[in-house]
Amino acid sequence: MERTALVLGAGGITGVAWQLGILVGLHDRGIDLGRSDLILGTSAGAMTGALIAAFGDPRTAAAIEAPLGPGDPPMRADWERGAVAFSLLQDESLAPEDMRKQIGAIALQAEVGPPDPWLAAFARRLPIEGWPARLVVTAVDTASGEPVVWDEHSGVPLVPAVTASCAVPCIFPPIPVNGSRYMDGGLRSRTNADLAADYDQVYVVAPRMPLLQRDALDPRFVLIEPDDDTMEAIGGNVFDAERWVPVLAAAERQGRALTL
């Protein structure tokens with residue numbers, strides 16, 4: 001029997017809105033990617049994936065209180081350290097593990113506030129008991145730079161796992177999980193789509209896909225990216241919560257028009 005995988009990549013708050021909108025639009029046409037045998041989430045995709053794996057219906061998932069609001073901790077980005085981390089991310093002379101390890105050290109020093117308020121904020125958005133079957137979430141250990149992959153058998157609670165996967169260095173604090181601190185799974189890859197290589201049909205729903213990673217994608221995979229109208233709705237700040245509604249609407253239209 002053919003096995004399918006849904007890969008959901010990084011892209012901030014607007015990335016979650018776009019992914020959910022795409023899945024709603026496709027679902028309206030009778031294409032239910034949420035029924036895939038594997039749902040692989042990285043950063044924003046970890047949130048989207050958890051909701052889809054748990055609720056099934058993308059409209060139910062899209063009804064969550066996703067945008068940041070008055071009840072959430074303030075976003076206290078450490079732009080000075082963030083600039084250093086970003087420069088490391090672009091340094092092709094570094095081995096990937098060394099790059100991630102150096103960024104992890106910077107993330108631990110960044111003055112962005114404690115993790116507990118963010119864990120509480122994510123918990124409100126993930127009213128889910130246990131770990132949904134088929135869901136896999138990626139993150140990176142700040143101390144070693146090693147990427148990790150968590151699923152229902154990993155002994156990691158869902159909320160810390162998703163929060164860690166979304167913990168962009170120097171914007172959000174690294175998240176404690178079983179005695180270690182973890183950060184954004186997108187530091188290994190914006191999608192980590194190679195982890196789905198054993199599946200027969202792979203759909204990669206990627207809000208922001210770097211050119212090099214797009215070119216390296218397995219040609220068998222179906223890549224879905226924002227169209228021009230959705231890119232305009234997303235704008236330049238992927239953490240702009242006020243863009244949630246227009247991005248969701250634009251993505252639904254895109255999903256209904258997609259040819260798969």
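The sulfur of Cys166 lies 16 Å from the closest cysteine sulfur, that of Cys170, which is too far for a bond. The rule used here calls a disulfide a pair of cysteine sulfur atoms within 2.5 Å. By that rule the count is 0 disulfides. Cys170, likewise, is in no disulfide. Cys166 is buried, with a relative accessible area of 12%, and Cys170 is buried at 1%. Buried here means under 20% relative accessible area, exposed means over 50%, and partly exposed is in between, with a 1.4 Å probe and protein chains only.

Before going on, the conditions. This is a predicted model, where local features need pLDDT of at least 70 and side-chain atom pairs count only at pLDDT 80 or more, while totals for chains, interfaces and linings use all residues. Residues are numbered from 1 along each chain as its sequence is written, and side-chain values use heavy atoms, with hydrogens and water left out.

Now the cores. A nonpolar core is a set of buried Ala, Val, Leu, Ile, Met, Phe, Trp, Tyr and Cys residues joined through side-chain atoms within 4.5 Å. The largest one has 60 residues, and those touching the most other members are Leu20, Ile22, Leu126, Leu135, Trp150 and Val162. Helix α1, residues 12–28, gives the most to this core, with 9 residues. Helices are DSSP runs of H or I with at least four residues, numbered from the N terminus. A second, separate core has 14 residues, including Leu38, Val136, Leu217 and Phe221.

What does Val162 touch, not counting residues up to four places away in sequence? The list is Ala46, Met47, Ala50, Phe122, Leu126 and Val137, where contact means heavy atoms within 4.5 Å.

Next, Arg243. Its place is in the loop between α9 (228–234) and α10 (244–257). Arg243 is partly exposed, with a relative accessible area of 29%. Leaving aside neighbours within four places in sequence, Arg243 is in contact with Thr14, Glu232, Ala233, Ile234 and Gly235. The C-alpha atoms of Arg243 and Arg76 are separated by 20 Å, and the two residues are 167 residues apart along the chain.

Note on methods. Helices (H or I, at least four residues) and strands (E, at least two) are DSSP runs, numbered from the N terminus.
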